[in-house]
Amino acid sequence: MTATVTDFSASFPVPSARIESFIAAHEFDRPTLVIELDRVEAQYRALDAGLGAAMIHYAVKANPADQIIDRLVDLGSHFDAASRGEIELCLSHGAHPEAISFGNTVKRAADIAFAHRAGITLFAADASEEIEKIAEHAPGAEVYIRLLVEASGADWPLTRKFGTTRDTALKLMAQARELGLRPVGLSFHVGSQTRDPAMWSNTLDQVAGVWAAAALAGFELDLLNIGGGFPAFYGDAIPHPTTYAARVMEQVTARFPEGIRIMAEPGRGLVAEAGMIAAEVLLVAKKSEDDLHRWVYLDIGKFSGLAETIDEAIRYQFVTPRDGEATGPCILAGPSCDSADVLYEKRPVSLPVSLRSGDRVLIRNCGAYTSSYSSVGFNGFPPLDVVVI
């Protein structure tokens with residue numbers, strides 16, 4: 001198979017001047033995520049252009065803001081829902097039931113029944129008991145089997161919790177058919193923040209092997225859910241979203257039958273670059289006179305929106321009013337009294353030496369997996385506020 005060359009020439013998206021101007025013109029009494037809705041639309045259109053015949057099922061968990069769901073419904077997007085709450089959200093904004101897939105492989109039986117009553121017909125599964133629940137509470141539904149795939153090199157691997165092996169997948173399809181369900185396809189997740197589309201190659205080979213085995217076993221599959229993995233810019237080069245999506249689809253069409261239904265579930269790659277967090281420095285300190293690193297404490301941490309700094313997998317970019325001045329390494333931490341609330345320590349962040357408490361800090365490209373991760377109020381700190389412009 002001929003390797004494709006990835007174009008990284010348009011790798012650095014221009015920061016949103018509109019968001020920065022909005023933040024500069026307003027005061028905030030808590031950490032606040034500002035989302036530019038037109039930028040979400042632009043990203044949707046860019047991904048859609050590259051995906052071609054594949055249908056976008058927006059991963060609602062990335063950012064469930066009402067305005068985002070409303071805009072995506074208007075654009076004709078479909079939706080990947082992880083829960084009853086996300087299904088209700090999409091329906092409340094006018095999404096048609098047939099445009100929503102219940103993509104979580106771990107579902108409450110009552111929620112399966114609710115989804116079935118609401119008109120949802122497409123469900124994910126990766127275990128025998130889940131097939132039984134779907135058959136009982138959503139009789140006749142379409143099911144696709146999520147596969148367990150090897151790590152692809154993604155910044156945020158998703159290889160352990162979900163999915164099943166080839167042999168078990170075939171058994172689940174047979175079980176689904178025996179119970180009156182329609183086993184229609186396969187799904188997988190290449191891993192969140194897969195920065196280079198070339199990283200999809202090995203994973204697609206694995207899935208294509210299972211597809212071929214299913215065909216030999218007599219299953220006429222017609223649905224391939226390629227999941228998420230579409231990246232956002234956090235400092236490392238990534239291709240333009242249209243280029244990225246097109247490179248992925250070239251690999252998909254080279255391995256799978258023509259004319260099948262293809263779903264894609266971008267979340268981060270659709271909304272991350274449309275958001276920026278306005279935060280504040282609470283304290284700058286050293287543990288000792290000869291400490292090589294300062295500790296910079298922000299009013300936002302792991303429990304109030306920056307959970308993806310776990311293992312320092314996602315490297316956010318910071319803007320301060322003192323940029324351009326001398327910089328030095330610092331350990332970045334959140335405000336809570338939990339010792340786990342440290343954002344970056346293994347790889348310290350370089351920030352201006354003159355940074356002081358009260359300085360505003362902007363955190364770029366935070367539109368995904370921030371507000372939806374924010375706690376109700378751990379340590380009494382308020383959850384991340386959201387403003388959509």
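Me: How do strand 2 and strand 9 pair, in the parallel or antiparallel sense?
Reply: Strand 2 (residues 55-59) pairs with strand 9 (residues 261-264) in the parallel sense, over two bridges. Keep in mind that this is a predicted model.

Me: OK, and which residue in strand 9 does isoleucine 56 stand opposite?
Reply: Alanine 264 is the one opposite isoleucine 56.

Me: What do the eight strands close into?
Reply: A barrel, with the order 2-3-4-5-6-7-8-9 and parallel pairing. From one strand to the next, the twist averages 30°.

Me: Switching to helices. At what angle do helix 6 and helix 7 pack?
Reply: About 20°, and their axes lie 10 Å apart. Angles under 35 degrees count as roughly parallel, so helix 6 is roughly parallel to helix 7. Their crossing is right-handed.

Me: Which residues meet there?
Reply: From helix 6 you get Ser128, Ile131 and Glu132, and they meet Leu172, Gln175 and Ala176 of helix 7. By type, the contact has three nonpolar residues, two polar and one charged.

Me: New topic, aspartate 66. Where is that?
Reply: Aspartate 66 is in helix 3, which covers residues 66-75.

Me: Why does aspartate 66 count as partly exposed?
Reply: Because its relative accessibility is 41%, and partly exposed runs between the 20% cut-off for buried and the 50% cut-off for exposed.

Me: What is aspartate 66 in contact with, leaving aside neighbours within four places in sequence?
Reply: Leu89 and His93.

Me: And how are aspartate 66 and valine 388 placed?
Reply: They are 322 residues apart along the chain, while their C-alpha atoms are separated by 9.4 Å.

Methods
Residues are numbered from 1 along each chain as its sequence is written. This is a predicted model: local features need pLDDT of at least 70, side-chain atom pairs count only at pLDDT 80 or more; totals for chains, interfaces and linings use all residues. Side-chain values use heavy atoms; hydrogens and water are left out. Axes are lines fitted to C-alpha atoms, for helices over the stretch in contact, and angles run from 0 to 180 degrees between N-to-C directions. Helices (H or I, at least four residues) and strands (E, at least two) are DSSP runs, numbered from the N terminus. Angles under 35 degrees count as roughly parallel, over 145 as roughly antiparallel, 65 to 115 as roughly perpendicular and the rest as oblique. A crossing is left-handed if the near helix is turned anticlockwise from the far one by less than a right angle, and right-handed if clockwise. Contact means heavy atoms within 4.5 Å. Ala, Val, Leu, Ile, Met, Phe, Trp, Tyr, Cys and Pro count as nonpolar, Asp, Glu, Lys and Arg as charged, and the others, Gly among them, as polar. Buried means under 20% relative accessible area, exposed over 50%, partly exposed in between (1.4 Å probe, protein chains only). Two strands pair if DSSP finds at least two bridges between them.
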